[in-house]
Amino acid sequence: MLVLSESQIRSIYSMADAIQDLEEALIHNNDGKVKNPHRTVLDFPEKEASALYMPSSIEPVGKSAVKVVTIFPHNPSVGKKTTQGIILLSDTDNGEHLACINASYLTRLRTGAVSGIATKHLAKKEASTVAVIGTGAMAEEQLQAVLEVREIMEIMLYNRTKEKAFLFEKRILELCPGFKGSITVMDHPDEAVSKSDIVICATRSVTPVFSGRALKQGTHINGVGSYLPHMQEVDAETILKCSKIVVDTIEGVKDEAGDLIIPAKKGLWSFSDLHGELGDLVSGAVSGRENKEEITFFKSVGIAYFDLAVAAAVYNKAITIGVGTQVEI
């Protein structure tokens with residue numbers, strides 16, 4: 001079995017690779033060639049913790065996977081990570097277990113890549129300014145994906161803890177040495193949003209992180225931070241201003257996306273107003289941006305076959321190049 005660490009994955013697999021591989025996976029799903037059973041969750045109340053098991057398979061790829069993620073909120077007090085994840089990759093031709101892959105980075109990478117795909121279809125072609133609201137680890141790949149699909153000249157950062165925004169600026173300059181534009185840390189999220197063609201929301205907020213009144217015409221928004229029904233990064237005014245709302249999976253957002261669940265429960269908006277899923281956008285079944293004025297929103301809560309798509313591609317590349325550690329099991 002091949003074991004692949006985060007540093008090894010980073011050395012061989014890029015955001016551009018992930019965007020391409022996920023576009024193919026979205027088409028496979030639309031063609032009915034993906035199996036993605038509902039995840040299994042085991043709770044450990046005494047630790048306020050949980051373990052999630054997420055299986056999937058993609059027929060044309062010839063691979064299946066189980067992603068296992070554990071979330072133990074009290075771990076930092078004993079020097080361990082809150083969230084830890086691995087992906088077990090298997091061959092669907094002979095059942096061989098092929099690889100054990102670090103899932104934490106791949107999860108962030110694939111989440112960024114699907115936002116990049118949405119941005120490619122929904123943001124203005126000439127979009128050049130982006131606001132990043134929330135500068136935690138997830139935001140790195142979100143911004144990288146946007147930089148991959150649009151010529152961005154100005155990045156505006158906002159984080160409740162301002163020092164973290166400055167640290168994020170340094171990190172982005174390290175990760176994206178080719179970026180020649182400006183990066184500014186802002187004092188208020190609405191100020192950043194009002195000047196931006198693209199807005200990235202990557203927080204765990206339970207209340208909206210900017211006002212819909214701040215949005216200018218022609219803005220595209222990627223919302224990836226809120227992933228539970230009570231979380232809400234984007235307010236109802238923003239939802240009502242959007243001419244197109246695209247999601248990664250309709251089933252997923254109905255269960256998990258507070259940004260949409262909360263206004264729906266209040267009778268302000270309906271899931272029947274969704275424009276479609278990301279796979280519909282990629283396949284051309286639904287339209288992308290049609291003019292420079294419309295405001296668009298992509299909401300992602302994630303699904304297991306996204307992880308499989310990138311894990312299988314990383315494995316194939318690692319075998320070809322000779323990266324990773326082979327172990328006997």
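At 19% relative accessibility, F271 counts as buried, a class that covers residues under 20% relative accessible area, with exposed meaning over 50% and partly exposed in between (1.4 Å probe, protein chains only). W269 likewise counts as buried, at a relative accessibility of 9%. The model is predicted, with local features requiring pLDDT of at least 70 and side-chain atom pairs counting only at pLDDT 80 or more, whereas totals for chains, interfaces and linings use all residues. Residues are numbered from 1 along each chain as its sequence is written, and side-chain values use heavy atoms, with hydrogens and water left out.

W269 and F271 form an edge-to-face aromatic pair, at 5.1 Å centre to centre and with 70° between the planes. Rings of Phe, Tyr and Trp (its six-membered ring) are taken to pair if their centres lie within 6.5 Å, where planes under 30 degrees apart count as stacked, over 60 as edge-to-face and the rest as tilted. Y305 and F306 form another edge-to-face pair, with 4.9 Å from centre to centre and 65° between the planes, and both of these residues are buried. In total, the structure holds 3 aromatic pairs.

An open sheet of 8 strands is found in the order 10-9-8-11-12-15-13-14, with parallel pairing; strands (E, at least two residues) and helices (H or I, at least four) are DSSP runs numbered from the N terminus, and two strands pair if DSSP finds at least two bridges between them. The edges are formed by strand 10 (182-185) and strand 14 (276-277), each of which pairs on one side only. Strand 8 (residues 129-133) pairs with strand 9 (residues 154-158) in the parallel sense over 5 bridges, and V130 stands opposite I155 in strand 9.

I27, which lies in helix 2 (residues 15-30), is partly exposed, with a relative accessible area of 28%. Leaving aside neighbours within four places in sequence, I27 is in contact (heavy atoms within 4.5 Å) with V282 and S283. By contrast, I27 and E237 are 210 residues apart in sequence and 32 Å apart in space, C-alpha to C-alpha.

V327, in the segment after strand 16 (325-326), is partly exposed, with a relative accessible area of 33%. Together with V3 and I329, V327 forms a nonpolar surface patch with about 260 Å² of accessible area, the areas coming from the Shrake-Rupley method with a 1.4 Å probe, for which only the protein chains shown count as cover for residues. Patches are made of residues with over 30% relative accessible area and no salt bridge, with like charges joined within 9 Å and nonpolar side chains (Val, Leu, Ile, Met, Phe, Trp, Tyr) within 5 Å; a salt bridge is a side-chain nitrogen of Lys or Arg within 4 Å of a carboxyl oxygen of Asp or Glu.
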